[in-house]
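Hi everyone, thanks for making time.

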Amino acid sequence: MASQAAKDAIFVPSEAYEGVRIKGPDFNLPIELDALLKSYETIGFQATGLARAMELINKMVRPFGCYDIVNRLLTLISPCSQRTWRLSDETIHPDSQTEELDPDIRAATGCSIFLGYTSNLVSSGLREIIKFLVQHKYISCLVTTAGGIEEDLIKCLGPTYSTPNGVFNLDGATLRKKGLNRIGNLLVPNDNYCKFEDWVVPILDTMVEEQEGPDRVRWSPSKVIDRLGKEINNEDSILYWAHKNQIPVFCPALTDGSLGDMMYFHTYKTETPIVVDIVADIRRLNDLSIRSRKAGMIILGGGVCKHQIANSMLFRNGADYSVYINTGQEFDGSDSGARPDEAVSWGKIKIDGESVKVYADATLVFPLVVAGTFGKAHWAKQAEEAAKAV
């Protein structure tokens with residue numbers, strides 16, 4: 001017979017607890033995407049983290065011209081959900097500038113959204129999702145790595161392919177002999193980079209002429225990127241829309257890729273090389289952060305794009321909203337794997353800010369996140385405009 005001590009160890013009484021009950025979706029009946037995404041809140045583990053990410057992004061998002069639509073939509077989805085922040089929610093500060101006293105301006109002033117992503121995500125099909133966000137002005141700026149710039153441009157010149165059956169283990173030596181570059185389970189023909197060289201070198205020539213000409217143009221990474229977005233003139237491109245909508249794209253490591261290779265070769269073809277001022281961009285990015293009345297970070301992956309955005313938030317005592325999506329772990333001390341609470345210790349996320357980290361491959365979950373946030377607001381706007389046109 002079990003001892004009383006053993007029973008006491010097993011049957012520890014529970015304190016009363018009231019919280020969200022775990023429950024998954026019911027597939028006995030057809031389920032719409034909206035309801036499926038809503039069910040993530042109560043599935044648990046990373047699904048609940050994903051629901052939290054969508055909740056925070058819905059607080060950030062201010063689609064231009066459809067602010068009220070978003071708030072009405074959020075209320076319909078969940079009457080208790082917090083609507084999108086706007087300046088008119090805040091008490092008027094005695095030192096407010098004249099324009100900040102205008103009710104229309106206060107109602108239109110929303111959260112600045114800083115979107116960061118690594119280059120491999122542009123190589124993947126997430127490029128089209130990022131393009132959608134830039135095309136419709138749903139974000140305030142982009143921060144990426146060199147591949148995030150050049151792969152967008154290169155895809156306008158030649159396609160990227162999937163490996164057979166999406167495998168990750170094709171033999172590197174065989175691919176090298178065939179002139180195929182592998183990015184995970186993606187393949188990029190080396191000819192694409194040759195086309196990129198043919199396209200970009202004449203542009204570099206012109207940029208040097210402008211640098212040395214009467215206007216003495218000073219090129220920063222974001223100005224170089226804006227020029228390339230103008231020159232590509234292709235609506236499939238993220239950078240095309242960034243140029244058209246004047247959304248700055250920052251790339252602190254602009255030379256760390258094929259574009260850097262082209263700049264290197266270009267130095268041997270011209271007496272005067274192009275000069276790129278990285279300090280101009282750190283001022284521009286930090287100023288954008290400082291001037292934001294509310295600031296939100298959405299960061300896909302880690303490395304340069306993650307830290308550059310987070311560090312800019314330090315100058316305003318931290319971001320108000322932060323969403324990290326990556327597979328990095330914190331035990332190696334890397335910034336890529338660091339959790340949001342580490343950024344709080346540095347002042348990069350506000351002490352009372354809201355944040356979440358989703359441990360997942362961004363290609364798996366970011367399409368769902370966008371569908372449940374920006375996409376939902378966009379489709380609501382389209383529906384309302386269609387109704388008005390009838």
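Let's start with β3 and β5: two bridges join them, and the two strands run antiparallel. Strands here are DSSP runs of E with at least two residues, helices are runs of H or I with at least four residues, and both are numbered from the N terminus. Two strands count as paired if DSSP finds at least two bridges between them. One of the bridge partners to look for is L187 in β5, which goes with Y161.

Before I go on, a word on what you're looking at: this is a predicted model, where local features need pLDDT of at least 70 and side-chain atom pairs count only at pLDDT 80 or more, while totals for chains, interfaces and linings use all residues. Residues are numbered from 1 along each chain as its sequence is written, and side-chain values use heavy atoms, with hydrogens and water left out.

Okay, back to the strands. Which strand does β4 join? Four bridges link β4 (residues 180–183) to β5 (residues 186–189), again antiparallel. Here L180 has P189 in β5 as its bridge partner. β4 and β5 make a hairpin with two residues between them, and G184 in that turn has a positive phi of about 65°. Put together, you get an open sheet of three strands in the order β3-β5-β4, with antiparallel pairing. The edges are β3 (161–162) and β4, since each pairs on one side only. If strands are new to you, the strands of a sheet pair through backbone hydrogen bonds, either parallel or antiparallel.

Now, that positive phi. Most residues other than glycine have a negative phi. With that in mind, look at N165, which isn't glycine and has a phi near 60°. N165 sits in the loop between β3 and α9 (172–178). Is N165 buried or exposed? N165 is exposed, at 81% relative accessible area. The cut-offs are under 20% for buried, over 50% for exposed, and partly exposed in between, with a 1.4 Å probe and protein chains only.

K137 is also not glycine, and its phi is positive too, near 60°. You'll find K137 in the loop between α7 (126–135) and β2 (141–144). K137 counts as partly exposed because its relative accessibility is 37%. And how enclosed is helix α7 itself? Eight of its 10 residues are buried, so α7 is largely enclosed by the rest of the structure. Among those buried residues are L126, R127, I130 and F132.

F132 comes up again when we get to F374. Not counting residues up to four places away in sequence, F374 touches I57, V61, I113, F132, L133, Y138, I139 and I298. Touching, or contact, means heavy atoms within 4.5 Å. F374 and F366 have the most contacts inside the largest nonpolar core, which has 74 residues. Helix α10 (residues 191–212) gives the largest share of this core, nine residues. A nonpolar core, by the way, is a set of buried Ala, Val, Leu, Ile, Met, Phe, Trp, Tyr and Cys residues joined through side-chain atoms within 4.5 Å. There's also a second, separate core of 16 residues, including F114 and C305.

Next up is an arginine, R227, in helix α11 (residues 221–232). R227 counts as buried because its relative accessible area is 13%. So what does the side chain of R227 make a polar contact with? It's the side chain of E210, at 2.8 Å. A polar contact is a pair of N or O atoms within 3.5 Å; within protein, one must be able to donate a hydrogen and the other to accept it, and residues adjacent in sequence count only if both atoms are side-chain atoms. Leaving aside neighbours within four places in sequence, the contacts of R227 are I203, T206, M207, E210 and W219.

W219 and I278 are 59 residues apart in sequence, and 8.8 Å apart in space, C-alpha to C-alpha. I278 is in helix α14 (residues 278–291), and I278 counts as exposed because its relative accessibility is 53%.

Last, the whole chain. It has 18 helices and nine strands, and buried residues make up 46% of its 390 residues. Of the contacts with a separation of 6 or more, 73% are between residues 24 or more positions apart. That's it from me, thanks!
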